[in-house]
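Here are my notes on the model, as numbered points. Please read them with the structure open.

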Amino acid sequence: MRNWWSFWLGFLRIRIEGKQLEKFINLSASRGVPLYDLRREGPERMSAKVRLDGFRSLRHVARKTRSKVRIENRAGFPFVMTVMKRRRSLYLGALLFVFTLYMLSTFIWAVDVVGNEKVDKQEILQVAHGQGVQVGRWKPAIDLRETERAIMNNVPGLEWVGVYARGTRIIIEIEEKVLPQSPVVEGGQHVVAAKEGVIQRLLVLVGEEKVKEGDKVKKGDLLISGLIYAPENRLEVQQQDQDKLPDKVLLEKVQAKGEVWAQVWYETMIEEPIHLEGALPTGDVARQWRIKWRNQEIIIKGPSENPFEVSKEEVSIRTPLLWRNLQIPVELLEKEFYELRPYRQERSAEEAIVSAQERFQREVKATLTPGARILREMVVPQPADPGMVKVKITIETLEDIAKTEPFTSSTPQ
């Protein structure tokens with residue numbers, strides 16, 4: 001607070017020289033002229049700050065103590081005003097310049113639309129223009145919230161609209177509606193088996209079923225047909241000659257739909273080492289830079305040799321461009337050495353079998369359809385070489401094997 005008042009009232013940095021400096025300080029205080037920020041600069045010299053309105057009173061103090069007082073520096077608002085009065089035109093011009101900049105910053109100089117991919121930008125700008133959002137308009141005269149509502153109500157396909165000012169720019173940020181994607185199917189389709197299995201449940205939504213529960217199907221077999229035929233009139237057929245059986249009458253082609261749940265078996269033979277050996281990266285990397293010209297290479301940075309005992313190397317080549325597509329016959333090679341740490345994991349034969357089983361489970365689960373579940377697993381050890389285990393793994397699942405397949409050119413018309 002004292003510094004604040006000192007600035008507005010003005011203060012002086014003075015130097016006092018004399019043999020009675022302590023008396024000078026006491027007399028100044030007794031006259032109501034406090035000195036502050038005192039600095040002793042010698043046995044008969046010191047400096048201090050004093051307010052501008054109290055400096056005149058120090059003349060009597062200096063006379064009584066036979067001291068010399070000299071002004072070293074002037075600071076504060078009164079002195080700033082004095083300087084400004086001398087350069088009035090300059091400061092008025094600067095003030096006018098700042099004021100002009102401020103006024104110009106209150107106008108709109110650009111309108112941007114971000115976030116649109118399908119919605120036409122011009123359509124958004126046209127609605128915004130109707131609300132006064134245009135270049136050259138005074139920003140406080142624009143109701144941004146009303147502009148948001150106008151764009152939202154008049155431009156179709158928008159999920160959200162935000163209008164805000166950033167400096168002299170008006171940014172219209174939009175979020176387009178994401179419509180649910182429905183598979184586009186032209187013409188009819190069958191439902192076929194995606195995998196081999198034994199059918200357990202059959203749910204036909206559209207189409208004509210071609211299999212029944214308990215049937216064993218192979219991959220690609222027709223499960224639900226998209227061709228709807230007229231029912232046969234068996235009585236008429238029996239009355240006609242067997243060589244003149246009428247062809248089936250195709251009523252319509254539909255997009256067959258349904259669920260076909262079946263038991264599916266996955267079987268594999270896995271051979272796994274009992275003890276695992278390999279190398280893992282330690283995180284230490286050494287980089288070597290080389291310049292290659294024709295068949296010669298020069299190391300410009302990095303170690304001359306691979307510093308690691310066990311490592312792997314990666315080399316990347318960069319060809320500098322001289323100008324546009326003009327290349328120079330020099331290549332810059334970066335070789336990276338990644339240190340590896342050998343390891344050996346001791347484990348039992350049972351642990352190796354479990355590891356093989358879990359690996360096959362992950363492979364099978366990656367191929368399962370949503371809702372599928374594993375019914376049972378069977379692991380049968382097989383004769384294997386020393387240090388290895390060999391198992392036959394069978395996994396039985398229950399899953400939906402229905403897969404749609406569009407009609408082909410051979411489909412009856």
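1. Start with helix α6. The elements covering its buried residues include β5, α7 and β7. Contact here means heavy atoms within 4.5 Å. Helices (H or I, at least four residues) and strands (E, at least two) are DSSP runs, numbered from the N terminus. This is a predicted model, in which local features need pLDDT of at least 70 and side-chain atom pairs count only at pLDDT 80 or more, while totals for chains, interfaces and linings use all residues. Residues are numbered from 1 along each chain as its sequence is written, and side-chain values use heavy atoms, with hydrogens and water left out.

2. Which residues of α6 are buried? They are Ile-124, Val-127 and Ala-128. Buried means under 20% relative accessible area, exposed over 50%, and partly exposed in between (1.4 Å probe, protein chains only). These three cover an arc of only 100 degrees around the axis, so they sit on the same side of α6. The arc is that of the directions from the helix axis to the C-beta atoms. An α-helix has 3.6 residues a turn, so residues three or four places apart point the same way. The face of α6 turned away from the buried side carries exposed Gln-122, Gln-126 and Gly-130.

3. Now the sheet under this helix. Three strands form an open sheet in the order β5-β7-β6, with mixed pairing. β5 (110-114) and β6 (158-166) are the edge strands, each with a single partner, so one side of each has no neighbour in the sheet. Neighbouring strands are turned by 15 degrees against each other on average, direction ignored. Two strands pair if DSSP finds at least two bridges between them. β6 and β7 (residues 169-176) pair antiparallel over 8 bridges. Tyr-164 has Ile-171 in β7 as its bridge partner.

4. Two helices pack here. α7 (residues 144-154) packs on the sheet and touches β6 and β7, and its direction makes about 150 degrees with that of β6. α6 (residues 121-130) lies across β5 and β7, at about 130 degrees to β5. Axes are lines fitted to C-alpha atoms, for helices over the stretch in contact, and angles run from 0 to 180 degrees between N-to-C directions.

5. Look at Ile-170 in β7. Ile-170 is buried, with a relative accessible area of 2%. Leaving aside neighbours within four places in sequence, its contacts include Ile-108, Val-111, Val-133, Leu-144 and Val-163. The C-alpha atoms of Ile-170 and Leu-144 are separated by 9.3 Å, and the two residues are 26 apart along the chain.

6. Check β23 next. It is mostly covered, with 10 of its 13 residues buried. β15 and β23 run antiparallel and are joined by 13 bridges. Tyr-266 stands opposite Ile-395 in β23. β22 (residues 373-382) also pairs antiparallel with β23, over 9 bridges. The bridge partner of Ile-374 in β23 is Thr-397. In the hairpin of β22 and β23, 5 residues lie between the strands, and Gly-387 takes a positive phi near 85 degrees.

7. Is Glu-334 buried or exposed? Glu-334 is buried, with a relative accessible area of 8%. It lies in β21 (residues 330-345). Beyond neighbours within four places in sequence, Glu-334 contacts residues including Arg-287, Trp-289, Glu-314 and Arg-318. By contrast, Arg-63 in α3 (residues 58-65) is exposed, at 59% relative accessible area.

8. Last, the whole chain. The protein chain has 9 helices and 24 strands. Buried residues make up 27% of its 413 residues.
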